[in-house]
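Trainee: I am new to this structure, and I would like to understand the terms used for it. Could you take me through them with care?

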Amino acid sequence: MLVAGATGGVGAAVVRQLSAQGVPVVALVRDGVKAAASLPPPSAGVQIVEGDVYKFGTLTKALAGW
């Protein structure tokens with residue numbers, strides 16, 4: 001599951017809920033350091049990818065393998 005805005009209030013809650021249910025998550029964030037401090041770790045199935053939905057070129061890494 002790709003969650004854009006994963007460090008915002010709603011996005012972070014969605015990431016945590018999906019992770020708790022065992023759903024692998026790609027968390028699209030602008031600040032990877034902030035995300036690493038506030039989101040579940042990779043061992044919980046969360047992959048953090050820096051990017052911006054308004055900059056299409058940054059989405060390539062987030063969508064890799066889909």
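Mentor: Let us begin with the largest nonpolar core, which has eleven residues in all: Val 3, Ala 6, Ala 12, Val 15, Leu 18, Val 25, Ala 27, Val 29, Ala 35, Leu 39 and Val 46. Helix H1 (9-20) and strand E2 (25-29) are the elements that give two or more residues to this core, where helices (H or I, at least four residues) and strands (E, at least two) are DSSP runs numbered from the N terminus. A second, separate core has five residues, among them Val 26, Val 49, Leu 59 and Ala 62.

Mentor: This is a predicted model, in which local features need pLDDT of at least 70 and side-chain atom pairs count only at pLDDT 80 or more, while totals for chains, interfaces and linings use all residues. Residues are numbered from 1 along each chain as its sequence is written, and side-chain values use heavy atoms, with hydrogens and water left out.

Trainee: What makes a set of residues a nonpolar core?

Mentor: The set must consist of buried Ala, Val, Leu, Ile, Met, Phe, Trp, Tyr and Cys residues joined through side-chain atoms within 4.5 Å. In soluble globular proteins, nonpolar side chains tend to be buried together.

Trainee: Why is Ser 19 called buried, and why is Leu 63 called partly exposed?

Mentor: Buried means under 20% relative accessible area, exposed means over 50%, and partly exposed lies in between (1.4 Å probe, protein chains only). Ser 19 has a relative accessible area of 12%, so Ser 19 is buried, whereas Leu 63 has 38% and is therefore partly exposed. Ser 19 has its place in helix H1, and Leu 63 lies in the segment after helix H3 (59-62).

Trainee: Which residues does Ser 19 touch, not counting residues up to four places away in sequence?

Mentor: Ser 19 touches Val 25, Pro 40, Ala 44 and Val 46, contact meaning heavy atoms within 4.5 Å.

Trainee: Why is E2 said to be largely enclosed by the rest of the structure?

Mentor: E2 is described in that way because five of its five residues are buried. Val 25, Ala 27 and Val 29 point one way from E2, while Val 26 and Leu 28 point the other way.

Trainee: How do you know that E2 pairs with strand E3 (residues 46-50)?

Mentor: Two strands pair if DSSP finds at least two bridges between them; five bridges join E2 to E3, which run parallel, so the two strands pair.
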